Amino acid sequence: MNGVLFAKIKLFIRTPWTFVIMTAMTILFTLILGTSNPATFQVPVYSLDNSLEDSLIYKALQDNKFIQFQWRSMESTKQKVKKGKAELGVELSANDFKILVGVNSPKVSIVEHTLQEIYMDKLKQEKMLKGIKDKKTRIELKEQLEDIAAHAVFHIQTMEFKGEEDFIYNNLFQRVFGFTLFFVIYTIAYNVFHILIEKRDGIWDRIILSPIKRWEMYTGNLVYSFVAGYLQIIIVFLIFHFIVGIEFNASLWKLLLVMIPYVFAIVALTILITALVKTVQQFNAIIPMLSVSMAMVGGAFWPIELVQSKPLLMIADLIPITYGMELLNGIAIYNYSLEQLFSPLSILLLMGVGMTGIAIHFMERRYI
Amino acid sequence: MLELARLTKRYKQLYAVKGLNMFIEKGEIVGLLGPNGAGKSTAISMLSSLIEPTEGDVRFHGKSILKSPGELRKVTGIVPQEIALYPELSAEENLQFFGRIYQLKGKQLKQRIEEVLELIGLQEKRKEVVKKFSGGMKRRLNIGVALLHQPSLLIMDEPTVGIDPQSRSYILETVKRLNEEKGMTVLYTSHYMEEVEFLCDRIYIMDKGNLIAAGTKEEIKQILTSETTVLIKVEQLNEKFVQRLQAEPSIHQVSTGENEVTVIVPKEIPVFKLILNIAEHTDIELLSIEMKATTLEDVFLHLTGRALRD
Ligand SMILES: Nc1ncnc2c1ncn2[C@@H]1O[C@H](COP(=O)(O)OP(=O)(O)OP(=O)(O)O)[C@@H](O)[C@H]1O
Ligand SMILES: [Mg+2]
């Protein structure tokens, strides 16, 4: 195993470019995209019912951090949508809403979903109020609820209604974590890639025929790729923390700790791909495709909470990035303890072990 | 020492190697000859325990290697057909890596690296990265790697392909020396007849997966005792001449080069008269007619109807 590691480390020193470039990209992308204001967008909204302006709905719209609802007249909203100045507009009524779609974009479903939730909340509150017979209590409760809303604790209150569906969006963390998890895939993949080169060049055959134990050979490769990927994450987080000055709200070591199973799972995944592809070209074609789609579905580019499609969410459950983001957000944003993160941690570990096993099975098939 | 019994490898419909029987005794240099695609490399992969045969067996000291290849692997050095080295590492680093996976360490490793570098004549180039090497230097290092653990059986798959004459004779001399001085057993694969004639005691000839001849050099040449090879040199070759030669029933094989033709004819035929006659009728200016000593190349031509290298 030392022999394998020895060669890999020498190779790494000779050609560190993937590593350096991917580390730089992570930092660059985050700095360019991440420190700007949250990626919000504006939606013109109007209502023919004037009483809506001081309702719960109005407040909820104002409080939305992700979408800026702007009150306009019906005329101006329709014009904007017609002329393409806005992708969509919204007409609100007391118990219903209409979306005017100019261009069909993902924003439509985001807005639709947001509005649905707001109306649902309203409905629930009204039902609750109706359920209470006593008029006096009803008024009190209503006042209370409005009072809560006015003091912006509304959000926390609704969390109980919506449960898991509510999330806190932090653009900076989203970028830091997303890009870190995304770019490290390349670093790992192009280290694991050595295996394919070795196979193509016949070095692998030489190793197979040597007295070195098979497990030493695999462990050597695993350990090396793991260390390269993990090193990159450490460097990135350290730079963000100490040089860029980002407060992660949690101890850095905890963030780094939960990255161990993530890096392991990615190493295993790329080794599995190495075992399944036949040529270097196939590998080069698959890796970017896979990493980009995993990042999109797994929530590295935008919060997974914005993904609504059931099939996509099911796919997301199979993707390591999903759990990586869950772990990092869990620690940095929700301040979860490691015990609370037991499930994503163990899923990643299981993925890693499983994929390594399958990969070795496929690689061994050819040999005696 | 090593014995192949009905060794077969099939890829879908294609028999890369079909029912190969072969043996190698201790201290021999055995040649394995064949044109491109004959199945030489496939045979070597099987007998070195790298890939599993579809059928048949390989026995090392009487024991099948299919279940326990360990013994064989320990004492075997393989020189693969393609250069199997890390191009980004230096000659010395490559040797260090392969030495380590062969469980050499410390002083012993260092000493072996020195010996091997000397043997392959690359001491001066030890610090240079392999990708900057010439073809011949890469070939030599490719061989050197296989010698690190002092194997007693050396299997070489076309170790001299595409290199300059100096490097080639250097390699041939080295192999011969290893055999004579260290008693190393060698299986030497090639499609160059001269190399095999120079090195080998016994020869196997393969074509299209089949073994088509086997024996000592002399035995193989015996195949042609009833026939003679004749080399005809002409001023300016023309199509008509070749066609007439081919049409002549007593002439067995006709192969053409630049203004020369090689034919194989039975010994009892009055060959000079025949050729003079044909030349006259086809307006050919003859330069010389020469009876050649039989070479392995001729045997190959005789057996397959094709030249060994095309
Ligand atoms: N993995 C494989 N899959 C399918 N066919 C193969 C495979 N390996 C070899 N073959 C086929 O088997 C035949 C023998 O190949 P092999 O490489 O053993 O020939 P060779 O004698 O070494 O030729 P060369 O002189 O070109 O090295 C060829 O027709 C080749 O295409
Ligand atoms: Mg070959």
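Is F29(A) buried, partly exposed or exposed, and why? I looked this up in the predicted model, and F29(A) counts as partly exposed because its relative accessibility is 33% (buried is under 20% relative accessible area, exposed over 50%, partly exposed in between, with a 1.4 Å probe and protein chains only).

A note on the ground rules: residues are numbered from 1 along each chain as its sequence is written, and chains are lettered from A and ligands numbered from 1 in written order. In this predicted model local features need pLDDT of at least 70, side-chain atom pairs count only at pLDDT 80 or more, totals for chains, interfaces and linings use all residues, and side-chain values use heavy atoms, leaving out hydrogens and water.

**Rings.** I found 26 aromatic pairs over all chains (Phe, Tyr and six-membered Trp rings with centres within 6.5 Å; planes under 30 degrees apart are stacked, over 60 edge-to-face, the rest tilted). F29(A) and F179(A) are an edge-to-face pair, 5.2 Å between centres and 65° between planes. They sit 150 residues apart, in helix α2 (17-34) and helix α8 (171-201) of chain A (helices are DSSP runs of H or I, at least four residues, numbered from the N terminus). F179(A) counts as buried, at 6%.

S41(B) is partly exposed at 26%, and Q81(B) is partly exposed at 26%.

Methods
Helix = DSSP H or I, 4+ residues; strand = E, 2+ residues; numbered from the N terminus.
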